[in-house]
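Keep the structure open and follow along, topic by topic.

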Amino acid sequence: MAFKFEMDSAARSRLAALGFDPASLPQKYDECCDLCRWGVFRTISHIDRYGFDTRYQMCEGCGLVFLNPHPTEEGYAEFYAKWYRPLIAALQGRPYDEQAILADHLADQRAYAAKLMRFLKPHMRSTPVELSVDLGGSTGSVAKAVQDGLGGRCLVVDPSPVELAEARKLGLECEQALAEEWSPNNRQFDLALICRSVDHLLSISSVLAKVAGCLKPGGYLFIDPLDFESWARSMLDYRKFLKIDHVYYLSDETMRLYLKAAGFDVVASDFGDGSHIRYLARYTGDAQKPAWLTPYAREIGQILRERLVKPSPPSYPVDPLTRLVRYVRQRLRG
């Protein structure tokens with residue numbers, strides 16, 4: 001039996017006062033895995049960090065973790081327009097201020113863009129970049145850094161008109177759309193970026209197939225998912241990592257399977273800031289379908305079950321990223 005999910009009572013009251021019910025959004029249930037197409041799932045949680053009654057499942061074929069059912073495109077459009085930022089403010093116990101949130105987001109994007117370019121430049125010095133695209137490009141800080149650092153033009157694609165207005169102030173070309181809805185219109189790109197947003201996609205496989213189809217031969221993709229596995233190994237209760245705005249919960253193993261299935265070879269990776277893993281991948285066209293019932297799927301299933309029935313954190317460092325996270329936390333406490 002899983003140990004009791006604990007949540008701060010004040011946060012619970014603030015969230016309840018918003019009156020949001022995830023079940024009110026249009027929902028879609030996935031009958032087969034987006035990664036390997038297996039159809040047998042294991043439910044790993046009936047609750048998320050907000051305390052909502054939501055179901056998170058793990059594919060027993062490949063180990064991918066995902067929200068199922070999840071809101072449709074229309075459901076997420078309503079969620080992001082009306083509920084997303086108020087929920088975060090209520091959870092954290094701070095006033096909801098749209099302008100303050102946007103200012104914080106702009107500062108965060110600029111800092112992120114600088115780190116990203118330090119990762120990309122050493123691997124792309126000899127690669128001419130005439131046209132690139134940032135899917136989920138937000139306020140354009142990353143696209144501007146790519147233009148300035150690698151050359152050419154960088155298109156920003158994002159569903160938010162407010163954030164695209166900031167990108168246009170930087171002189172960037174913009175298109176308002178979800179990554180799933182966006183059309184390359186026969187354009188060929190040297191580089192595509194999916195920055196801190198792959199977890200939000202409704203179908204990672206469909207978007208990666210679209211990206212593969214619009215890259216020039218040998219073109220590059222940058223992508224950086226949150227590393228769910230390492231947090232699940234080290235957190236007291238991994239259910240507090242789950243949230244309705246993330247459809248998918250990736251690991252090094254499942255992200256590499258996705259890339260290989262879309263015809264990409266990883267040319268560089270980085271643990272990044274300790275929560276995201278960075279990948280630079282080159283499109284080769286050599287797509288390899290993921291295997292079913294892998295040892296990794298069995299291993300991650302056992303780990304998740306153990307973490308729910310044994311709530312104390314592991315007494316030993318279980319992998320390099322967890323050791324890094326522990327070290328950083330100790331230094332911050334220190």
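Leaving aside its neighbours within four places in sequence, which residues is Tyr112 in contact with? They are Val142, Cys195, Arg196, Phe222 and Asp224. Bear in mind that this is a predicted model.

- Tyr112 is found in helix H3, which covers residues 98-124.
- With 11% relative accessibility, Tyr112 falls under the 20% cut-off, so it counts as buried.
- Thr139 has its place in the loop between strand S6 (131-135) and helix H4 (141-150).
- Despite being a loop residue, Thr139 counts as buried, at 1% relative accessibility.
- Setting aside neighbours within four places in sequence, Thr139 is in contact with Leu102, His105, Leu106 and Gln109, and also with Glu163, Glu166, Ala167 and Leu170.
- For anyone eyeing the spacing in that list: an α-helix has 3.6 residues a turn, so residues three or four places apart point the same way.

**Asn68, a buried loop residue**

- Look for Asn68 in the loop between strand S4 (65-67) and strand S5 (70-71).
- Its relative accessible area is 0%, so Asn68 is buried.
- What does the side chain of Asn68 pair up with? A polar contact of 2.9 Å joins it to the side chain of Gln57.
- A polar atom of the Asn68 side chain also lies 2.8 Å from the backbone nitrogen of Asp30.
- Not counting residues up to four places away in sequence, Asn68 touches Lys28, Tyr29, Asp30, Phe41, Arg55 and Gln57.

**The two ends of H1**

- Helix H1 takes in residues 9-18, and at its start a side-chain oxygen of Asp8 reaches to within 3.2 Å of the backbone nitrogen of Ala10.
- Just after H1 comes Gly19, with a positive phi of about 75 degrees.

**H1 against H2**

- The axes of H1 and helix H2 (residues 73-92) come within 8 Å and cross at roughly 155 degrees.
- That angle is over 145 degrees, so the two helices are roughly antiparallel to each other.
- Their crossing is right-handed.
- On the H1 side the contact is made by Ala11, Arg14, Leu15 and Leu18, and on the H2 side by Trp83, Pro86, Leu87, Ala90, Leu91 and Gln92.
- Sorted by type, the residues of this contact come to 8 nonpolar, 1 polar and 1 charged.

**H6 against H8**

- Helix H6 (residues 204-214) packs on helix H8 (residues 252-261) at an angle of about 45 degrees, with the axes 9 Å apart.
- The crossing of H6 and H8 is right-handed.
- Ile204, Ser205 and Leu208 in H6 meet Met255, Tyr258 and Leu259 in H8.
- By type, the residues of the contact of H6 with H8 split into 5 nonpolar, 1 polar and no charged.

Methods. Residues are numbered from 1 along each chain as its sequence is written. This is a predicted model: local features need pLDDT of at least 70, side-chain atom pairs count only at pLDDT 80 or more; totals for chains, interfaces and linings use all residues. Side-chain values use heavy atoms; hydrogens and water are left out. A polar contact is a pair of N or O atoms within 3.5 Å; within protein, one must be able to donate a hydrogen and the other to accept it, and residues adjacent in sequence count only if both atoms are side-chain atoms. Helices (H or I, at least four residues) and strands (E, at least two) are DSSP runs, numbered from the N terminus. Buried means under 20% relative accessible area, exposed over 50%, partly exposed in between (1.4 Å probe, protein chains only). Contact means heavy atoms within 4.5 Å. Axes are lines fitted to C-alpha atoms, for helices over the stretch in contact, and angles run from 0 to 180 degrees between N-to-C directions. Angles under 35 degrees count as roughly parallel, over 145 as roughly antiparallel, 65 to 115 as roughly perpendicular and the rest as oblique. A crossing is left-handed if the near helix is turned anticlockwise from the far one by less than a right angle, and right-handed if clockwise. Ala, Val, Leu, Ile, Met, Phe, Trp, Tyr, Cys and Pro count as nonpolar, Asp, Glu, Lys and Arg as charged, and the others, Gly among them, as polar.
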